[in-house]
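Hi,

Here is the structure for you to look over. My notes follow below.

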Amino acid sequence: MVIERRWKKWLYFYIPLALFILFTLFPFYWMAVTAFRPDGELYRTWRQANATPFWTLAPTTEHFHGLLESTAFLRWLGNTMFIALASTAISLLCGLFAGYALSRLRFRGSEFLGTAIFITYLVPQTLLFIPLADIVRDMHLGNTPWSLILTYPTFLIPFCTWLLMGYFKTIPKELEECARIDGATRFGAMFRIIFPVAVPGILSAGIFAFTLSWNEFIYALVFLSSVEEKTVPVGVVSELIRGDIFFWGQLMAGALLGSVPVALVYSFFVEYYVAGMTGSVKG
Amino acid sequence: MAEVVLSGLNKWYDRNVHAVKDVNLHIRDREFMVLVGPSGCGKTTTLRMIAGLEEISSGEIRIGERVVNDLPPMDRDIAMVFQNYALYPHKSVYDNMAFGLQMRKFAKDEIRRRVQAASEILGIQPLLARKPRQLSGGQRQRVALGRAIVRHPQLFLFDEPLSNLDAKLRVQMRVELKRLHERLSTTAVYVTHDQVEAMTLGDRVVVMKDGLVQQVGEPLELYGRPANRFVAGFIGSPAMNFAEVTINHSAQGVWAETAGLRIRVPPAKAEALRGHAGGKVLLGVRPEALRVANGADVADYALDCTVEVVEPLGNEILLDVRAGSHPLVARVDPATRVKVHQSLRLALDPERLHFFDANTEAAI
C-alpha cells in the first residue's frame with residue numbers, strides 16, 4: 001500500500017515537477033554557460049571531437065570584461081533602474097488610489113470606469129507606440145528617460161489598479177468601518193489600516209510593474225536613440241548584434257547581469273508575492 | 001451614558017428596496033436593547049444607521065442630546081463590535097485596543113492605563129503582545145470587546161458578535177456580555193438573529209420583520225403576550241403551534257373548532273372573540289402549554305392525538321404529535337413514557353391559549 005503510493009507520488013509529482021524545472025531553468029543555464037564560455041569553444045561545431053555543448057572546459061570572464069569596457073553597459077543598467085523605479089512608483093501610487101476607489105466607493109459609473117481602465121490594458125503596445133511616438137515627439141521628450149517613465153504607466157497603471165482592486169476586495173470592509181468608528185477619517189482609515197493590510201498586494205503589484213518596465217523593449221527601442229540613453233534590453237541587442245554578427249558571449253553576459261536585479265527583487269519578496277497573488281487576509 | 005431616540009427612520013436602497021420602514025424607537029439610558037429578526041429584516045441596517053456607516057434616507061437619530069444624522073461615525077461617541085471582530089490584522093492586541101485612543105490623541109499613560117484596565121476585566125492580559133491571527137475565536141471576541149470598552153463611549157453597538165463562535169463558547173460569552181453590561185452600565189444596542197440571545201441579553205427586545213418593527217417589549221412580555229403571529233412564532237423554541245380554527249357559539253360557551261380539535265375558548269377571551277363568531281382565527285399554543293392529560297383534566301381543554309416522533313432531550317421530551325390533520329409539538333415531563341404511533345390525550349393550559357386574526361395576524 002505504502003509502496004504503491006510512493007511510486008505514484010514519483011510518477012505524478014516528482015517526475016513531472018523535475019521535467020518542468022528542467023524546461024524552465026535550462027535557458028537560464030544556457031545563458032550562464034554561454035556567458036562564461038571562451039570564444040574558441042563558442043564558435044566550434046559540436047560534431048567535433050571532445051566538444052562539450054552542455055558545459056565549458058575553460059570558463060572565462062573575458063565577455064564580462066568586454067561588455068563593461070567596450071559598451072556603455074553600466075550606464076544602461078543605471079538608466080533601466082531609474083526608469084523602472086520611477087515608472088513603478090508612479091503607477092503604484094495611481095493604482096493604489098484608483099484600486100481603492102473602484103473597490104470601495106460607490107459612485108456613478110464606477111463599474112464602467114473599472115472596465116474602461118481594463119480595456120486600455122488590452123490595447124497592444126505594438127499599436128499604441130505609433131500615436132505615443134507622436135506625443136513624445138510633440139512634447140520634446142524623445143531620447144530622454146521621461147519618454148519611458150511617462151509612457152510605461154499606460155500599461156502599468158491598469159495592471160496595478162486591477163491587481164490592487166482585487167486585493168482590496170478581499171479585505172473585509174468592517175476593518176475600515178471599525179477604524180472610522182474608532183476615530184479615523186476615510187483617508188486615515190485608508191492609510192493606517194487598509195494600506196498596511198494590503199502590503200502583500202502592493203508589493204506584488206510593485207514587483208510585477210518593476211519587472212514589466214525592466215524588460216520592456218518596444219517603447220525603449222522606439223523612443224530612445226542615443227547609445228547612452230538606452231536601457232539594458234535595447235542596448236544589449238542593438239550594440240552587440242552588428243549586422244549579422246552576434247557577439248554571443250557578451251550578449252549572454254549582458255543578459256545575465258541584466259536579470260540579476262529582477263531575480264534579487266523576486267527572491268526578497270517571494271513570500272509576500274505569493275500571498276499577494278492568492279489574496280489571503282486573515283482577520 | 002445616553003438615551004437613543006430613532007424617529008421616523010427609513011432606509012431606501014437605490015430607491016426601490018425599502019429596507020427599514022418608519023422605525024420609531026426610544027432606547028433608554030443604560031438599557032440593553034436587542035434588535036432581533038430573521039435575516040433581511042432591517043435590524044443590521046438600523047444599527048449601521050445609528051453607527052453612521054449607512055446614510056439615513058429619512059427620519060432622525062438622536063444620541064443623548066445631539067441629533068447625529070449628519071455626524072461622521074468618529075464624532076458620534078460610539079463603539080461597535082462586528083460579527084467578524086474586524087481586528088486590525090497587522091496590529092498587536094495592545095495596539096488594536098489602543099488605536100481608538102491614539103486617534104483621539106490621548107496621553108500615552110492614559111492609554112496604557114485604560115488598556116490594562118480593560119484587559120483585566122476581560123482576562124486578556126497575557127495576549128496583549130500577540131497578533132490577532134495567533135488568537136482563538138473566543139480570544140478575538142474578547143479583544144474586540146476590549147477595543148470597544150477602552151473608549152468609554154456613550155453607546156455600544158453589537159452586530160451579531162457571537163454568531164461566529166461555537167455553541168458552547170457562545171453561551172459562555174453571552175453570560176460575560178451580560179456581566180459586562182451590568183458593570184459598565186452603558187447604553188447598548190445589540191443585533192442578533194438568535195431569539196435565545198435576544199431573550200437572555202435584552203432588557204428590552206425589538207422584533208423586526210421586513211423592515212418593520214413588530215413589537216417592542218421586555219423578553220417575558222414578548223413571550224407571554226406576543227402582538228402578532230410572527231412574534232409568537234419567532235420567540236420561543238420549539239416554536240408555537242398554530243392551527244386555523246372556526247369560532248362557534250353554543251349554549252355551553254364559545255368553541256374553537258377544526259377537524260380533530262374542539263377546544264373551549266376560556267371566558268377571558270370569549271368576549272374578544274365574539275366578533276369572529278363563525279369565522280376563522282388562528283389558535284396558538286406553545287409546546288410547553290401542552291402536557292399529557294390525566295383523569296382530572298376536563299375534555300374541554302384536551303385534544304386526542306397520535307405520537308409521531310419522540311425526542312428525548314434529557315431534561316424534557318419533545319413529542320411531535322398529530323391531532324386530526326394538525327402537526328403539533330409538545331414539551332412534556334422527562335418521566336413521560338410514550339411510544340411512537342401511540343394514541344395520547346394532551347391537556348392544555350387555558351390561560352396560555354393565543355388567538356390571532358386570520359387576516360391581519362394581530363393578536364386578539
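In β7(B), which residue is the bridge partner of B:Ala79? It is B:Phe156.

First, the ground rules. This is a predicted model: local features need pLDDT of at least 70, side-chain atom pairs count only at pLDDT 80 or more, and totals for chains, interfaces and linings use all residues. Residues are numbered from 1 along each chain as its sequence is written, while chains are lettered from A and ligands numbered from 1 in the order in which they are written.

**Sheet.** β6(B) and β7(B) (residues 155–159) pair in the parallel sense over four bridges. Strands are DSSP runs (E, at least two residues), helices likewise (H or I, at least four), numbered from the N terminus. Two strands pair if DSSP finds at least two bridges between them. The open sheet in chain B has six strands, ordered β6-β7-β8-β3-β9-β10, with mixed pairing. β6 (78–81) and β10 (212–217) of chain B each have a single partner strand, so one side of each lacks a neighbour in the sheet.

**Cores.** A nonpolar core joins buried Ala, Val, Leu, Ile, Met, Phe, Trp, Tyr and Cys residues through C-beta atoms within 7 Å. Buried means 20 or more other C-beta atoms within 10 Å of the residue's own, with C-beta atoms placed from the backbone. The largest core has 140 residues. B:Met80 and A:Leu164 are among those with the most contacts inside it. Helix α8 (residues 153–170) of chain A gives the most to this core, with nine residues. A second, separate core of 13 residues includes A:Phe73 and A:Trp76.

**Helix α11(A).** Its buried residues include A:Phe210 and A:Trp214.

Best wishes

Notes
A residue is buried if 20 or more other C-beta atoms lie within 10 Å of its own, exposed if 12 or fewer, and partly exposed in between; C-beta atoms are placed from the backbone.
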